[in-house]
Amino acid sequence: MMAAAAMLFGACCEKQCDTINPTGVVMDNILSRKSVRSYNGEAIPDSVMENILRAAMAAPSGRDWRPWSFVVLTDKSQYDSIFEGNHNMQKFKESGAIVVICADTIHMGPTRDNPDGPDVAQVNQLWRDDMGAVTENLLLAVEAYGLGACWTACYPYAETMAPVKRCLGLPASVVPYAVVPIGYHDGTTQPKDKWDPSRVHNGRW
Ligand SMILES: Cc1cc2nc3c(=O)[nH]c(=O)nc-3n(C[C@H](O)[C@H](O)[C@H](O)COP(=O)(O)O)c2cc1C
């Protein structure tokens, strides 16, 4: 399955990539990414999952505070409790794993005014921005492995977050930001060509 997925990788964004950067692995990866919502149930090797999370954690973050944590679910009996607040997620039951990407909205560490001082609890005003970056990094790594994933909103919906927080035992300051099913797929989902020159303004709007 990995080999078949690898063959598909690169072919799916042929049209977009050829015209932009024929040999660009990074361009190919970014332009190949798409939301995949159907999987074949195959498990994801631990080493692959570790590398996906390694790529996610390489994301930039405000003040390098890295507010992210990940809860990896592979036990399908746990899926139902996660899906409780969002029935649209039922279609993700065949994913090989679900990663709940969590954000700690409070940072514990030394302050700017007192860098050598004790750890102090500080509100992280940039956590939402950091979480977008970490989630996209994860999706790109998933694509690089020939796997599919779908960013599924959790934050800011109270009814979606509540069962996830409860089931996973998240601390009070930790928000379940996104639920991302990951799995092997049949390779039929194509990336969208979103290039729109009218969105680009030169010099001024
Ligand atoms: C913040 C955010 C929330 C999303 N929530 C959902 C969701 O709840 N369910 C879903 O199926 N897709 C969700 N998506 C995926 C989008 O529908 C998808 O990215 C968009 O249609 C563009 O398609 P593409 O990812 O294939 O380029 C979400 C994406 C983002 C960035």
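Okay, let's start with a term: a residue is buried if 20 or more other C-beta atoms lie within 10 Å of its own, exposed if 12 or fewer, and partly exposed in between, with the C-beta atoms placed from the backbone. Take Ala141: 23 C-beta neighbours sit inside 10 Å, so Ala141 counts as buried.

Before going on, some housekeeping. This is a predicted model, so local features need pLDDT of at least 70, side-chain atom pairs count only at pLDDT 80 or more, and totals for chains, interfaces and linings use all residues. Residues are numbered from 1 along each chain as its sequence is written.

Now the overall layout. The chain has seven helices and seven strands. Those words have cut-offs too: helices (H or I, at least four residues) and strands (E, at least two) are DSSP runs, numbered from the N terminus. Reading from the N terminus, the order is α-α-α-α-β-α-β-β-β-α-β-β-α-β. The chain has 205 residues, and 32% of them count as buried. How about contacts? Two residues are in contact if their C-beta atoms, placed from the backbone, lie within 7 Å. Among contacts between residues at least 6 apart in sequence, 75% join residues at least 24 apart.

Let's go to strand 7, residues 174-183. How many of its ten residues are buried? Nine are, so strand 7 is largely enclosed by the rest of the structure. Which strands pair with it? Two strands pair if DSSP finds at least two bridges between them. Strand 2, residues 97-104, runs antiparallel to strand 7, and eight bridges join the two. In that pairing, look for Val99, which stands opposite Val180. Strand 5, residues 148-149, is also antiparallel to strand 7, with two bridges, and there Gly148 faces Gly183. Then there's strand 6, residues 152-153, again antiparallel to strand 7 and joined by two bridges. Here you'll find Ala153 opposite Ala178.

Which residues surround the ligand? They are Lys34, Ser35, Arg37, Asn88, Cys150, Trp151, Thr152, Ala153 and Lys192. For this list, near means that a residue's C-beta atom, placed from the backbone, lies within 6 Å of the molecule. Sorted by class, that shell has three nonpolar, three polar and three charged residues. The classes work like this: Ala, Val, Leu, Ile, Met, Phe, Trp, Tyr, Cys and Pro count as nonpolar, Asp, Glu, Lys and Arg as charged, and the others, Gly among them, as polar.

On to helix 6, residues 127-144, and its meeting with helix 3, residues 25-32. Their axes come within 9 Å and cross at roughly 105 degrees. The axes are lines fitted to C-alpha atoms, for helices over the stretch in contact, and the angles run from 0 to 180 degrees between N-to-C directions. Angles under 35 degrees count as roughly parallel, over 145 as roughly antiparallel, 65 to 115 as roughly perpendicular and the rest as oblique. Helix 3 and helix 6 are therefore roughly perpendicular to each other. Who meets whom? On the helix 3 side there are Asn29, Ile30 and Ser32, and on the helix 6 side Leu140, Glu143 and Ala144. The residues of this contact divide into three nonpolar, two polar and one charged.

Trp127 belongs to helix 6, and it is buried, with 21 other C-beta atoms within 10 Å. Not counting residues up to four places away in sequence, Trp127 touches Pro67, Ala103 and Thr105. Trp127 and Thr105 are 22 residues apart in sequence, but 6.2 Å apart in space, C-alpha to C-alpha.

The other one is our opening example, Ala141, also in helix 6. Leaving out residues up to four places away in sequence, Ala141 touches Asn51, Ile52, Ala55 and Ala56. Between Ala141 and Arg33 there are 9.4 Å in space, C-alpha to C-alpha, and the two are 108 residues apart in sequence.

Last stop: some backbone details. Arg63 sits in the loop between helix 4 (46-57) and strand 1 (68-73). Its phi is near 55 degrees, a positive value in a residue other than glycine. Arg63 has 13 C-beta neighbours inside 10 Å, so it counts as partly exposed. Asp64 lies in the loop between helix 4 and strand 1, and has a positive phi of about 55 degrees although it is not a glycine. Is Asp64 buried or exposed? Asp64 is exposed, with 8 other C-beta atoms within 10 Å.

And finally, the peptide bond from Tyr155 to Pro156 is cis, with omega near 10 degrees. You can find Pro156 in the loop between strand 6 and helix 7 (158-168). That's it from me, thanks!
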